[in-house]
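I opened this structure to see what could be looked up in it. My notes follow the order in which I checked things.

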Amino acid sequence: MSGDALKLVAPAPPPRDWPILLLLAAILLMVIASFATLPLKWGELFSAGALQSTLEFLRGFAPPELAPAFLRKVAGATLETLAMSALGTLLAAIAGLALALPAAGRFGAAPRAATRMLLNVLRSVPELVWASILLIAAGLGPFGGTMALAAHTAGVLGRLFADAMENLPPQPEATLRINGVTPAAAFLYATLPQALPQIMSYTLYRWENNIRAAAVLGVVGAGGLGQMLKYHLSLFQMQQAATVIIAMLLLVAAVDAASFALRRGMTR
C-alpha cells in the first residue's frame with residue numbers, strides 16, 4: 001500500500017457522550033449558583049481586624065493545661081471516646097453486613113428496594129440528630145452516643161457492603177451452585193472471601209470517621225472528649241480546652257496510623 005493511500009484513511013473522531021457533558025454543565029451551573037446566592041464575605045474574613053481577633057483568641061489557648069490530675073481526666077475521656085467509636089463501628093458493621101445481603105438483591109427485587117430505602121434513611125440522618133433522639137430515650141452518657149454512631153454508620157456500611165457484593169464476578173458462586181452446593185455455603189466460600197478485603201477496608205475507614213464523630217457527639221452530652229471540650233469552652237477555660245483538643249488530635253492520628261497499617265497488611 002502506498003503512502004498516499006494511508007494518508008486518506010483518517011481515524012474517526014470519538015463519539016461525544018452528551019449525558020456526561022450535560023451532567024458536567026449542570027454541576028458547573030450549580031457551583032456558579034452557589035457562589036452567587038450565598039453571602040460569602042471574603043473581604044471581612046481576610047481583613048486585618050478579623051486576623052487580629054483570631055490571633056488574640058488563639059493566644060488564649062496557650063499554654064495547655066498539663067496538671068497531672070487534669071491529664072488523668074483527659075486520658076479517661078480519651079479512652080471513653082475510643083470505646084464509643086470502636087463499639088459503634090462494630091455494631092454498625094454487624095448490622096450493615098446483615099442488611100447488605102437483601103440490599104444486594106439476594107432475596108429478590110422487593111426486599112432489595114425496601115432494604116435500600118432503610119439504609120438511605122439510616123445514613124441520611126446525621127449522627128448529631130441520632131444522638132439527640134437517642135439521648136432523650138437513653139439519657140445522657142456514652143450509651144446514646146454509641147448507638148447514634150452505630151445507627152448512622154450501619155446505613156453507610158450497609159450500602160457500601162451491598163455495592164461491593166453486587167460488583168463481584170458471579171462465576172465462582174455460580175460454579176459451586178451448579179455442583180450442588182447450598183446457597184449459604186456458596187456465599188460463604190465464594191462471595192464473602194472476595195468481598196472481605198473491601199468490607200474490612202470500609203469498616204476501618206468508618207472507624208476513623210467515628211473517632212471524629214464521637215468527639216463531636218460529646219458536645220450534646222454523649223460523654224468523652226467532646227463533653228469535656230464543651231464544658232471548658234463554655235467556661236472560657238481555654239488552656240484546659242487546648243489540652244482536650246490536643247488529645248483529640250493525638251487520638252485521631254493514632255487511629256489513622258493503626259488503620260493504615262491494618263489496610264496495608266490486608267492488601268499485601
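Before reading the annotations, I noted that UniProt positions are given in the numbering used here, and that annotations may be inferred rather than shown by experiment. I also noted that this is a predicted model.

**Entry 1: annotated spans.** I looked up "transmembrane region" in the unreviewed UniProt entry. The annotation covers residues 20–38, 82–107, 128–154 and 241–262. I then checked two of these spans in the model. Residues 20–38 are 95% helix and 0% strand, and their end C-alpha atoms lie 27 Å apart. Residues 128–154 are 89% helix and 0% strand, with end C-alpha atoms 15 Å apart.

The unreviewed UniProt entry also places "domain: ABC transmembrane type-1" at residues 78–257. I found that span to be 85% helix and 0% strand. Its end C-alpha atoms lie 17 Å apart.

**Entry 2: two helices crossing.** I turned to H5 and H10. Their axes come within 9 Å and cross at roughly 145°. The crossing of H5 and H10 is right-handed. Which residues make the contact? On H5 I listed Thr-81, Leu-82, Met-84, Ser-85, Ala-86, Thr-89, Ala-93, Leu-97 and Leu-101. On H10 I listed Phe-187, Ile-199, Thr-203, Arg-206, Trp-207, Asn-210, Ile-211, Ala-214 and Ala-215. I sorted the contact residues of H5 and H10 into 12 nonpolar, five polar and one charged.

**Entry 3: the largest pocket.** Rolling a probe the size of a water molecule over the atoms shows where empty space is left. I looked up the largest pocket, which holds about 270 Å³ of space. It is lined by 14 residues, and the closest to its centre are Thr-89, Leu-90, Ala-93, Met-200 and Thr-203. Which elements give two or more residues to the lining? They are helix H5 (68–103) and helix H10 (183–217). H10 gives the largest share of the lining, seven residues. I counted 12 nonpolar residues in the lining, two polar and no charged.

Entry 4: Most residues other than glycine have a negative phi, and most peptide bonds are trans. I found an exception to each. A cis peptide bond joins Ala-62 and Pro-63, with omega about -10°. Pro-63 sits in the loop between helix H4 (48–59) and H5. Phe-236 is not a glycine, yet its phi is positive, about 55°. I placed Phe-236 in the loop between helix H11 (224–234) and helix H12 (238–267).

Technical notes:
Residues numbered from 1 in each chain as written. Predicted model: local features only at pLDDT ≥ 70, side-chain atom pairs only at ≥ 80, totals over all residues. Heavy atoms only, no water. 1 Å grid on protein atoms, 1.4 Å probe; cavity = no way out; pocket = protein on both sides within 12 Å on 5 of 7 lines; lining within 4 Å. Points joined across faces, edges and corners; volume = space filled by probe spheres on them. Helix = DSSP H or I, 4+ residues; strand = E, 2+ residues; numbered from the N terminus. Nonpolar A, V, L, I, M, F, W, Y, C, P; charged D, E, K, R; others polar. Axes fitted to C-alpha atoms, helices over the stretch in contact; angles between N-to-C directions. Left-handed = near helix turned anticlockwise from the far one by under 90°. Contact = heavy atoms within 4.5 Å.
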